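Trainee: I am new to this one. Could you take me through it step by step?
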Amino acid sequence: RVRIPLPVSNILWEHCIRLANRTLVEGYANVKKCSNEGRALMQLDFQQFLMKLEKLTDIRPIPDKEFVETYIKAYYLTENDMERWIKEHREYSTKQLANLVNVCLGSHINKKARQKLLAAIDDIDRPKR
């Protein structure tokens, strides 16, 4: 057995937690359909994940916690709020943003609004090219 010093252990935990949270958002971005109840279950699952994490490690605050929570909550935004949100949250990939818009189609965003939001995402992505 090799003892890992606490500072090194904390760095390893931080990287693992950050990677797990990024993977959760990527997984949520791969969802093809989702109801309000489904998003509520995502929030509940994430809260359970956080509770278990807090028992395993003393790292506070949990790295990228807001990254996951913000993405889940964005599903509930109205068309105008979502357009603003998309422009303000460049930490998410184009794919993650586009999927969020597509999943909301039919539930509370119509096709015209979807096109407008996807155009806003494309505009954000354009300077990177």
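**Helices, contacts and rings**

Mentor: Let us begin with a crossing: H2 and H3 cross in a left-handed way. Keep in mind that this is a predicted model.

Trainee: At what angle do H2 and H3 pack, and how are they oriented to each other?

Mentor: The axes of H2 and H3 are 10 Å apart. Their packing angle is about 165 degrees. Angles over 145 count as roughly antiparallel. H2 and H3 are therefore roughly antiparallel.

Trainee: Which residues of H3 meet H2?

Mentor: On the H2 side stand Arg39, Met42, Gln43, Phe46, Gln47 and Leu50. By class, this contact of H2 with H3 has six nonpolar, two polar and four charged residues. The partners in H3 are Lys65, Val68, Glu69, Tyr71, Ile72 and Lys73.

Trainee: How many helices and strands does the chain have?

Mentor: Read along the sequence, the pattern is α-α-α-α-α-α. The C-alpha atoms fill a box of roughly 60 × 35 × 20 Å along the principal axes. The count is six helices and zero strands.

Trainee: What share of the residues is buried?

Mentor: Buried means under 20% relative accessible area. The chain has 129 residues. The buried share is 35%.

Trainee: Among contacts between residues at least 6 apart in sequence, what percentage joins residues at least 24 apart?

Mentor: Take the contacts in the chain between residues at least 6 apart in sequence. Then pick out those that join residues at least 24 apart. They make up 67%.

Trainee: Now arginine 18. Which residues does arginine 18 contact, leaving aside neighbours within four places in sequence?

Mentor: Arginine 18 is found in helix H1. The C-alpha atoms of arginine 18 and proline 63 are separated by 5.5 Å, though these residues are 45 residues apart along the chain. With the neighbours within four places left aside, arginine 18 is in contact with Pro63 and Asp64.

Trainee: Is arginine 18 buried, partly exposed or exposed?

Mentor: Its relative accessible area is 31%. Buried means under 20%, and exposed means over 50%. Arginine 18 is therefore partly exposed.

Trainee: How is H1 oriented to H5?

Mentor: Helix H1 covers residues 6–29, and its axis lies 9 Å from that of H5. The two pack at an angle of about 45 degrees. That angle makes H1 oblique to H5.

Trainee: What handedness does that crossing have, and into which classes do its contact residues divide?

Mentor: The H1 and H5 crossing is left-handed. Val25, Glu26, Tyr28 and Ala29 of H1 make the contact with Lys95, Gln96 and Asn99 of H5. These residues divide into three nonpolar, two polar and two charged.

Trainee: Is asparagine 99 buried or exposed?

Mentor: Asparagine 99 lies in helix H5, residues 94–104. Not counting residues up to four places away in sequence, asparagine 99 touches Tyr28, Ala29, Asn30 and Val31. Its relative accessibility is 12%, so asparagine 99 counts as buried.

Trainee: Next, the rings. What kind of aromatic pair do tyrosine 75 and tyrosine 76 form?

Mentor: The structure holds five aromatic pairs. In the pair of tyrosine 75 and tyrosine 76, the centres are 5.5 Å apart and the planes are at 85 degrees. That pair is edge-to-face.

Trainee: Which accessibility class does each of these two tyrosines have?

Mentor: Tyrosine 75 has 0% relative accessibility, so tyrosine 75 counts as buried. Tyrosine 76 has 35%, so tyrosine 76 counts as partly exposed.

Trainee: Why is the pair of tryptophan 85 and tyrosine 92 stacked?

Mentor: Tryptophan 85 is buried at 8% relative accessible area. Tyrosine 92 counts as buried at 2% relative accessibility. Their ring centres lie 5.3 Å apart. The pair is stacked because the planes are at 25 degrees, and stacked means under 30 degrees.

Trainee: Which residues form one aromatic cluster?

Mentor: Tryptophan 85 and tyrosine 92 pair with each other. Both belong to the cluster.

Note on methods: Residues numbered from 1 in each chain as written. Predicted model: local features only at pLDDT ≥ 70, side-chain atom pairs only at ≥ 80, totals over all residues. Heavy atoms only, no water. Helix = DSSP H or I, 4+ residues; strand = E, 2+ residues; numbered from the N terminus. Buried < 20%, exposed > 50% of the residue type's maximum accessible area, 1.4 Å probe, protein only. Contact = heavy atoms within 4.5 Å. Axes fitted to C-alpha atoms, helices over the stretch in contact; angles between N-to-C directions. Parallel < 35°, antiparallel > 145°, perpendicular 65-115°, else oblique. Left-handed = near helix turned anticlockwise from the far one by under 90°. Nonpolar A, V, L, I, M, F, W, Y, C, P; charged D, E, K, R; others polar. Phe/Tyr/Trp six-rings, centres within 6.5 Å; stacked < 30°, edge-to-face > 60°.
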